[in-house]
Amino acid sequence: MIGDFLSAVFDIFGSSTMYGSAVRLGALLAFAGLGELVAEKAGTINISVEGSILAGAFAGTVGYHITDSTVIGLAAGVGGGLLVGLIQANMSHRLTADQFVVGLTANVLVLGLAGFLNAAIDPMARRANIIEIPLLSDIPLVGPALFGQTWPTYLLYPLVPLTWWLLYKTRWGLETRAVGENPQAADVSGIDVNKRRRQAVYYGGMLAGLGGAFLVVGQVGTFDAGMVGGRGFIAIAAVYFGGWTLGGVVLGSLVFGMADAFRLATPVLGYQLNAQFLAALPYVLTLLVMYFITKQFRQPSGLAQPFIRGLR
Amino acid sequence: MTDLKVPTPEIPVVVTSPSRWHSMGETALLYVLSFSAALLLSALLVAVTGNSATQVFQALLDGAFLAPGRWGNTFVIAAPMLLVALGMVIGVKAGVFNIGQEGQLLMGAMAMAWVGTKWGGPGPLLVVLGLALGFAAGGAYAAVASFMKIRRGVPEVISTLLLVFIAFQIVGFAVTTDWMLRDVDPNRPTRAVTSAALPDDARLPFLDIFGNEFHIGFVLALVLAVVIAYLLARTVWGFHLRLLGNNANVAQKVGVSANRTGTMALFLSGAFAGLAGAVMLTGGSSTYRLTTGFASNIGWQGLLVALLARSRPLLCIPMAILFAALRTGSGFLASTGVDRKIVDVVQALLVLALLIPPAVQFIRDRRRALATATEAA
């Protein structure tokens, strides 16, 4: 069993298709994870990221169905994700409802709504074209994986530096991080804590929605209400895995994408590995990482603490 | 008319007393408003997709209560939901937020399946042992999260959530592996991906009231709801639990160990979910066989029930019946041409709607208190 496992690992990591599918599967996690990182930096564990992805996927499908345009589909996905973000942010950071309660409920709401409307409308979508970027896609092994994907995948590449710039190089980012670290101090220095938190959740919802739309028009090509299937939670796991650092989140998304690709690739290559074990791998990995490594990184100290002025 | 000089009250109680009635009225109004908004929104959704909302409502009502034998089914579904919700209540009261009931429920069902199909013995004994082991299995699975929290400060919200997805795979493994729970009966036409059915005598007895059949698991859940309500409100144990949830610092000062009491609360919240799973299996869910899709969202919905009941054990009873009714009612929706997913939407909207009034009230109270404080200053 273990020998089998190792030789499978060896075989698969030598094939470039593996890297291609790892990037394809990890891209969704990276889209959602980047947004989730910003939300968590501001102090919200945005459980509704799962719902945001699904809302984005459905809105994206409907957008594509109506206009036949991938661009509008993606934009609609951003809108769909934002809608869930609006619910989450305003319920938990304008009113004072518990963020986990709101997030879980939003997930149930979107799951029901997407299934219900999908049955009523039955929108169709199509996968966008693969565009190979010249020169870059000729790099052996990683070239086709990173630069031989459907074009919506490439939206991810500018989003990584953009998120970094937003979070670490702007006043807004500084204030957002301050709000997540020490809301009382941020409040005293004149920052509207809950407003920043809401904005961070909006950002998280929009990126997750974009990820959902990417899932439809950039990866799968059709919509199904069960298509997200807990991957929003893996995106949260990627943020924990990455220790609340930007590079870590991207790495975590790739690792989880790879685990997923590995699971899909083993039967094709003729290896008899335990499918359940491989499916559970990302979750087990995250739990282990949280157990052994999390203490070394520091989570935002105001994470999941609601802020109400005068109470603490 | 003489100028009546009303003495300004000096004791604040005199002021707050009428305003308290006022505020209760406000709260009631808010509840009515947001509740009807949620229902209206659902009705609108049905209407927009070209169906009749009244027909849908009638179908739901028929499916849940009115058609012969239906409210028995509703009670059967309500039993595990109520059990899950009670566990959640214990956790929330102690400030522990376990959201992994779906997985803990599966662990409990697995324990029941193991006892029922692998152990030999008299049926009733197997049922009791299975329920006890299911209780323990669910609790043990939640205790993993507790262990991680105490040792390394891993938040239980995330760990319990991740454990759900691992539980799905564990059950998947168990029902596809011969030496574990897979049904190896050679008479079945295809290789089964379920466990063997529980033996006939290892099943919960059903009560029959006016043609409505429901198993005694529902009665058990009702009794437990009352017991939990009493324990939480009237005993030292319950007081310590609530103290920990309300203010961990004070709890520590009076000698309530956050680790021990918190672990116990997390264990119990998982254990009740496990018990719910065991009750479901021995109560006939998916024809007494464990399958991969066995939990079928009962864990998530039980969690919502507890939230909707605002962590009041007795209020969980009607809420669990309401949610179960929406579920059984949705079985009758096919005739109206409306997708049964609408029920999920209604449930989520109801929970969201019921979150709003207390939050609004809280903000109003804060504003009033602040205004009074600045006036006094």
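**Exercises on a predicted two-chain model**

With 16 C-beta neighbours inside 10 Å, Ser296(B) counts as partly exposed. The model is predicted, and the exercises below apply to it.

**Exercise 1.** Locate Ser296(B) and describe its phi.

Solution. 
- Step 1. Ser296(B) lies in the loop between α10 and α11 of chain B.
- Step 2. Its phi is near 40°, which is a positive value in a residue other than glycine.
- Step 3. A residue is buried if 20 or more other C-beta atoms lie within 10 Å, and exposed if 12 or fewer do. Ser296(B) has 16, so it is partly exposed.

**Exercise 2.** Decide whether Tyr288(B) is buried or exposed, and find its place in chain B.

Solution. 
- Step 1. Tyr288(B) sits in the loop between α10 (258-282) and α11 (298-308) of chain B.
- Step 2. Tyr288(B) is not a glycine, yet its phi is positive, about 65°.
- Step 3. There are 23 other C-beta atoms within 10 Å, so Tyr288(B) is buried.

**Exercise 3.** Describe the surroundings of Ala265(B).

Solution. 
- Step 1. Ala265(B) belongs to helix α10 of chain B.
- Step 2. It has 25 other C-beta atoms within 10 Å and is therefore buried.
- Step 3. Leaving aside neighbours within four places in sequence, Ala265(B) is in contact with Ile90(B), Gly91(B), Ala94(B), Val96(B) and Leu241(B).
- Step 4. Ala265(B) and Phe97(B) are 168 residues apart in sequence, and their C-alpha atoms are 9.7 Å apart in space.

**Exercise 4.** Which residues have the most contacts inside the largest nonpolar core?

Solution. 
- Step 1. The largest nonpolar core has 225 residues.
- Step 2. Those with the most contacts inside it are Leu82(B), Ala85(B), Cys316(B) and Ala320(B).
- Step 3. Helix α3 (residues 70-93) of chain B gives the largest share of this core, 16 residues.
- Step 4. Take Cys316(B) as a case. Beyond its neighbours within four places in sequence, it is in contact with Leu82(B), Ala85(B), Leu86(B), Val89(B), Ala225(B), Val305(B), Ala306(B) and Ala309(B).
- Step 5. As background, nonpolar side chains tend to be buried together in soluble globular proteins.

**Exercise 5.** Describe chain A by its secondary structure and its radius of gyration.

Solution. 
- Step 1. Chain A has 13 helices and zero strands.
- Step 2. The radius of gyration of chain A is 19 Å, close to the 20 Å that the globule rule gives for 312 residues, so chain A is as compact as a globular protein of that length.
- Step 3. Its C-alpha trace spans about 60 × 50 × 40 Å along the principal axes.
- Step 4. Of its 312 residues, 56% are buried.
- Step 5. Among contacts in chain A with a separation of 6 or more, 78% are between residues 24 or more positions apart.

Terms used: Residues numbered from 1 in each chain as written. Chains lettered and ligands numbered in written order. Predicted model: local features only at pLDDT ≥ 70, side-chain atom pairs only at ≥ 80, totals over all residues. Core = buried A, V, L, I, M, F, W, Y, C linked by C-beta atoms within 7 Å. Helix = DSSP H or I, 4+ residues; strand = E, 2+ residues; numbered from the N terminus. Contact = placed C-beta atoms within 7 Å. Rg over C-alpha atoms; globule rule 2.2 N^0.38 Å.
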